[in-house]
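The following note sets out numbered points on the structure shown below.

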Amino acid sequence: MIEVLQMIASVGIWILGILIAMTITFPSMTPAKILTALGLGSVAIDFAFKDVFENFLAGILILLREPFRLGDYVESNGIDGQIEEITVRDTHIRQTDGQLVVMPNALLFKNPVTVRTNKDFRRTTIICGVAYGEDVDEARDVIAQAVKKLDSVRDDVRDIQIFAREFNSSSIDFEVTWWTGSRPVDIRASRDQVVAAVKRALDDAGIEIPFPYRTLTFKGSGLDGVFGQTQQSDSAGDRVSETS
């Protein structure tokens, strides 16, 4: 805002100086006539520089409202990164892969902006499956104890939530939800720790984490029947079944 006010003051001083100089140089021209001429010319300038003025006004409104600040991680219009600089015309966003995106302020003002670091903590979730032969309540307790021991899991902010989600093709899936730091690197690091800890805890408890496997069934008997049927799979209509 200091930069904006300095720029507006500088422009105002220049305009005032030009008006005074013109009235002194051309005594027949009064300030009223000069302002009238400027008013007529401003219509053409407005059409020529519509986008520039739009971004300028949007930048001033963004600076006044402060929906996000320098250092915040935001996502808008498919761009995800950290705010490095906010000017009266555009905003500089550094993506997590290091690339810099210069986004016009009008886009940020008109479209939804997700401010990922608006709060210090953010929720994240993973899905963990256990075999159908395992005890659901025991698996839930093992997962909960493994997650609670991690430093990156802020159970002092919000409780850890673990719910059986669905009957999947080869497993009963749990939705594991916890709170951690709001920066992208905090999310990735915490998710890495949780996945490793849950895997280790389930292995130690002897609880199976299943993976899909296939059983192929062919018509006929013996090797001759198997090979004969596989060579004519399109015409004979062999059956391929998938089980878990």
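1. A contact is taken here as heavy atoms within 4.5 Å. On that basis, among contacts in the protein with a separation of 6 or more, 60% are accounted for by residues 24 or more positions apart. The model under discussion is a predicted one.

2. Overall composition. Eight helices and eight strands make up the secondary structure of the protein. The protein has 244 residues, of which 30% count as buried.

3. Which order do the three strands of the open sheet take? The order is 6-8-7, and the pairing is antiparallel. Strand 6 and strand 7 are the edge strands, each pairing on one side only. From one strand to the next, the twist averages 25°. Between strand 6 and strand 8 there are 10 bridges, in the antiparallel sense. Within the model, valine 130 is found opposite isoleucine 172 of strand 8.

4. Helices against the sheet. Helix 5 lies across strand 6, strand 7 and strand 8, and runs at about 20° to strand 8. Helix 6 lies across strand 6 and strand 8, with an angle of about 30° to strand 6.

5. The largest nonpolar core. This core comprises 23 residues, and those that touch the most other members are Ile143, Val147, Val176, Val194 and Leu202. Two or more residues are given to this core by each of strand 6, helix 5, strand 8 (172–181) and helix 6 (184–204). Which element provides the largest share of this core? Helix 5 does, with six residues. The surroundings of one member may be given in detail: leaving aside residues up to four places away in sequence, valine 147 touches Val153, Ile160, Val176, Val194 and Val198.

6. The pairings of strand 1. Strand 1 and strand 2 run antiparallel and are joined by four bridges. Across this pairing, glutamate 75 stands opposite aspartate 80 in strand 2. Strand 1 also pairs with strand 5 (residues 114–115), in the antiparallel sense and over two bridges. Here valine 74 has valine 115 of strand 5 as its bridge partner.

7. The hairpin and asparagine 77. Two residues lie between the strands in the hairpin of strand 1 and strand 2. Asparagine 77 lies in the loop between strand 1 and strand 2 (79–86), and its phi is positive, about 55°, although it is not a glycine. Buried, exposed or partly exposed: which of these describes asparagine 77? Asparagine 77 counts as partly exposed because its relative accessibility is 44%, between the limits of 20% and 50%.

8. Glutamate 66. A positive phi of about 55° is also found at glutamate 66, again a residue that is not a glycine. Glutamate 66 is located in the loop between helix 3 (50–65) and strand 1 (73–76). With a relative accessibility of 43%, glutamate 66 counts as partly exposed.

9. The aromatic pair. How many aromatic pairs does the structure hold? It holds one. The pair is formed by tyrosine 132 and phenylalanine 167, with a centre-to-centre distance of 6.3 Å and an angle of 10° between the planes. The arrangement is stacked, because planes under 30 degrees apart are counted as such. Distant parts of the chain are linked by this pair, whose residues are 35 residues apart. Tyrosine 132 belongs to the loop between strand 6 (121–130) and helix 5 (136–148), whereas phenylalanine 167 belongs to strand 7 (residues 161–167).

Notes:
Residues numbered from 1 in each chain as written. Predicted model: local features only at pLDDT ≥ 70, side-chain atom pairs only at ≥ 80, totals over all residues. Heavy atoms only, no water. Phe/Tyr/Trp six-rings, centres within 6.5 Å; stacked < 30°, edge-to-face > 60°. Buried < 20%, exposed > 50% of the residue type's maximum accessible area, 1.4 Å probe, protein only. Core = buried A, V, L, I, M, F, W, Y, C linked by side-chain atoms within 4.5 Å. Pairing = 2+ DSSP bridges. Axes fitted to C-alpha atoms, helices over the stretch in contact; angles between N-to-C directions.
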